[in-house]
Structure formats: structure tokens, C-alpha cells
Amino acid sequence: MESVIEIKQLNKSFKGVETISSVNMNIRPGEIYGFLGPNGAGKTTIMKMILNLIKPTSGDIKVFNQPVTRTSYQYLSKIGSIIEYPEFYERLSAKENLELHCEYMGIYEKKAADEALKIVGLQGVENKKISEFSLGMKQRLGIARAIVTKPEILILDEPINGLDPIGIKEVRELLVLLKEEYGITILISSHIVSEIESIADTVGILQHGKLLKEVRMDDIRKETMEYLEITVDDLKKTTNVLESLNIRNYEIASQQRVRIFDENNSSSQINKELIVNGIVVHSIEKQQQHLEEYFLKLINGGSQHA
Ligand SMILES: Nc1ncnc2c1ncn2[C@@H]1O[C@H](COP(=O)(O)OP(=O)(O)OP(=O)(O)O)[C@@H](O)[C@H]1O
């Protein structure tokens, strides 16, 4: 499938300090791409380069199959974005803020502001001044402003920052709605795994300016969700038996515990082999791995292989 945003060998240095190093990313049409990484990893910097707000030191960015160059701005009319904190005119109402934005973007569809407010659930408060808005309402208005021009791509920099659990859930549901009902491709950044894992179709993990991994959530779920955890008296002997059974996708969880990730293994077969080899098996059971653990391991440079 073609990418709507394609990034190749992207580098960015600020005053000689490399902030983004050789990043490759592929964002497919109609998906939610979760951009995950700790604060300062460089997510905002990459988003700004996609939006032509800052220039790469080297590398290529294509949006809608067209290279982004110093002078390409046309494509921006098809992208809605929130970069860093969304700012509004505090003394104007929500609706007036959106209408001003439409005017600025050259959109004269009268209903657009009302429709966007309805989609984000702010109908009824459209005439309130922004100074009376809560943080959650402002975040939603930020999304309304990003979608009011009916973009094909939404770029949202930490849109869930500072929201309470209900606000987080609402924004998540809103993003899924925008994807499913309106077919919008969404690039969303966050430093919190749990915010991303439930909605993303693809996750890109950025650390110190490098993309550690780009994975489809479906693949992660297939690969890693279930494992067999075995508690034994002798770890060395156990791993020898596993190797002799050609089981290599395992990790040592503690001094007495091994986790096997290959789902084709039969627990009774492994149990039998361990016992035959004189190993005391205290327990053997199926467990679920949390995605959080999977991502943290990646970020900390861990591997599933012992
Ligand atoms: N204009 C700039 N001049 C110099 N350094 C910059 C500039 N913009 C960003 N940086 C540096 O680049 C690094 C990445 O910043 P960036 O804001 O992209 O990270 P981030 O992953 O978005 O994190 P956060 O969530 O904290 O914004 C930081 O070390 C930052 O200090």
C-alpha cells in the first residue's frame, strides 16, 4: 500500500547537534500512526518538518507522493495540525475562533465551523469565550480547528497531554471516529504507551532522534501477546532442554523463571521433557504479555531472546 507520508533518511541538526538521525517512516492512508517516545526524543521536530515549519538538514519527506521542498505549501491545505499547545483568542468564542481560522485558510463554507464543533462534542458551548474553557474543552477545540478545513491528514502533537482519564477516553474515541467515519489519516504523538496502544494501527518508536522500530499493532498482538511461563529449580538445565527442543524464542524472567514466546509449543510436551531431564517444574502456565512491557523492553534496548 502506498504511504501518504513517506520519510527517508531524515536528519536534523540544531547548531551542529544532531537531533534527528536517519529516520525512515511510512504512514499509510486511513491509519492512526502512534508516534511514541520520551520527551525530547524529537517527535515535535519531525512533525514540524512534515509541516514545512522547519527544514531538514538532509533527507526526503514526501506527502501525498510529492516531495516537500522549501516552496511547497499547497499540500498544507489538506493537513490539519496541533503542534505543541493549541493557542486561541481567549476573548472570542469557540465558534468565532473557528470562523477566523476558516477565513485565514480561505474556506468559506458557512456550516464548517458548526459541523466541526458537533464532531468534537462542543455544540452547546460554541458561544462561550475561550477564557471560560477547561483544558479538555480547549484540546477538543484544537481538534475542531484542525478538522474544520476537512483535511485528509491530521497531525496531533501530544493532544492528550494534561487531560483527565475521561477526557483521554473522549479524545481517543474522537480520533477513532475521525479515522473510521471520515477516513482521515492521523499521526499522533505521545510519551505514554497506554495512550497509543489502544488506538494505533502502526506504532513508530523514537528515542534520541532515532526510530527504533516501526511496527503494525496487528503483528505485535500476534507475535507477543501470549507466552508460557515456567518456574523451575535449575535454569541452566532448563535452557539446555529448550535449546535441544529447538525453542529459541524465550527469555529469562528471573532466577527460576523462563518465558517462551513461541505459541506453537505444547506445554505438556515441554513439561515432560523437563521432568525426563531431572528438572523440578514448580509451575507451567500461559500468561499474557502487556504491550506496555513489549514497548518498554524495546525502548530499553532489551530483546526477547535470552
Ligand atoms: N529550535 C531548536 N533549537 C535548538 N534545539 C532544538 C530546537 N528545537 C528542538 N530542539 C531540541 O531537539 C530535541 C528534540 O525536541 P522535540 O521537541 O522535537 O522533542 P519531542 O520528542 O517532541 O519532545 P517533547 O514531547 O518534550 O516536545 C530537544 O533536545 C530540543 O531541545
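**Close-up views of a predicted model**

In β8, Leu-187 is the bridge partner of Tyr-33. The model is predicted: local features need pLDDT of at least 70, side-chain atom pairs count only at pLDDT 80 or more, and totals for chains, interfaces and linings use all residues. Residues are numbered from 1 along each chain as its sequence is written.

View A. Helices (H or I, at least four residues) and strands (E, at least two) are DSSP runs, numbered from the N terminus. Strand β3 covers residues 32-36, and because five of its five residues are buried, this strand is largely enclosed by the rest of the structure. A residue is buried if 20 or more other C-beta atoms lie within 10 Å of its own, exposed if 12 or fewer, and partly exposed in between, with C-beta atoms placed from the backbone. Ile-32, Gly-34 and Leu-36 point one way from β3, while Tyr-33 and Phe-35 point the other way, and all are buried. Two strands pair if DSSP finds at least two bridges between them. β3 pairs with strand β8 (residues 185-190) in the parallel sense over five bridges. With strand β9 (residues 202-207), β3 also pairs in the parallel sense, over four bridges. Phe-35 has Gly-204 as its bridge partner in β9.

**View B. The six-stranded sheet.** The strand order in this open sheet of six strands is β6-β7-β8-β3-β9-β10, and the pairing is mixed. β6 (79-82) and β10 (210-216) are the edge strands, each pairing on one side only. From one strand to the next, the twist averages 15°. Axes are lines fitted to C-alpha atoms, for helices over the stretch in contact, and angles run from 0 to 180 degrees between N-to-C directions. β9 and β10 run antiparallel and are joined by six bridges. Leu-211 in β10 stands opposite Leu-206.

**View C. The four-stranded sheet.** Four strands in the order β2-β1-β4-β5 form an open sheet with antiparallel pairing. β2 (17-27) and β5 stand at the edges with a single partner strand each, so one side of each is left without a neighbour in the sheet. Two bridges pair β4 with β5 in the antiparallel sense. Pro-67 in β5 stands opposite Lys-62.

**View D. Two asparagines with positive phi.** Asn-65 lies in the loop between β4 and β5 (66-67). Its phi is positive, about 70°, although Asn-65 is not a glycine. Asn-65 counts as exposed because it has 11 C-beta neighbours inside 10 Å. Asn-52 is found in the loop between α1 and β4 (58-63). Asn-52 is not a glycine either, yet has a positive phi of about 60°. Asn-52 has 18 C-beta neighbours inside 10 Å and therefore counts as partly exposed.

**View E. The shell around the ligand.** Surrounding the ligand are Phe-14, Thr-19, Gly-37, Asn-39, Gly-40, Ala-41, Gly-42, Lys-43, Thr-44, Thr-45 and Glu-158. A residue is near a molecule or strand if its C-beta atom, placed from the backbone, lies within 6 Å of it. Helix α1 (residues 43-50) supplies the largest share of this shell, three residues. By type, the shell residues are two nonpolar, seven polar and two charged. Ala, Val, Leu, Ile, Met, Phe, Trp, Tyr, Cys and Pro count as nonpolar, Asp, Glu, Lys and Arg as charged, and the others, Gly among them, as polar.

**View F. Helices α4 and α5.** Helix α4 (residues 135-147) packs on helix α5 (residues 165-182) at an angle of about 15°, and their axes are 10 Å apart. That angle makes α4 roughly parallel to α5. Angles under 35 degrees count as roughly parallel, over 145 as roughly antiparallel, 65 to 115 as roughly perpendicular and the rest as oblique. The crossing in which α4 passes α5 is right-handed. A crossing is left-handed if the near helix is turned anticlockwise from the far one by less than a right angle, and right-handed if clockwise.

**View G. Strand β13 and its neighbours.** The covered face of strand β13 (residues 257-260) holds Val-258 and Ile-260, and the uncovered face holds Arg-257 and Arg-259. Strand β12 (residues 250-254) pairs with β13 in the antiparallel sense over four bridges. A hairpin of two residues joins β12 to β13. Val-258 in β13 is the bridge partner of Ile-252. Strand β11 (residues 226-232) also runs antiparallel to β13, and four bridges join them. Here Thr-231 stands opposite Arg-257 in β13.
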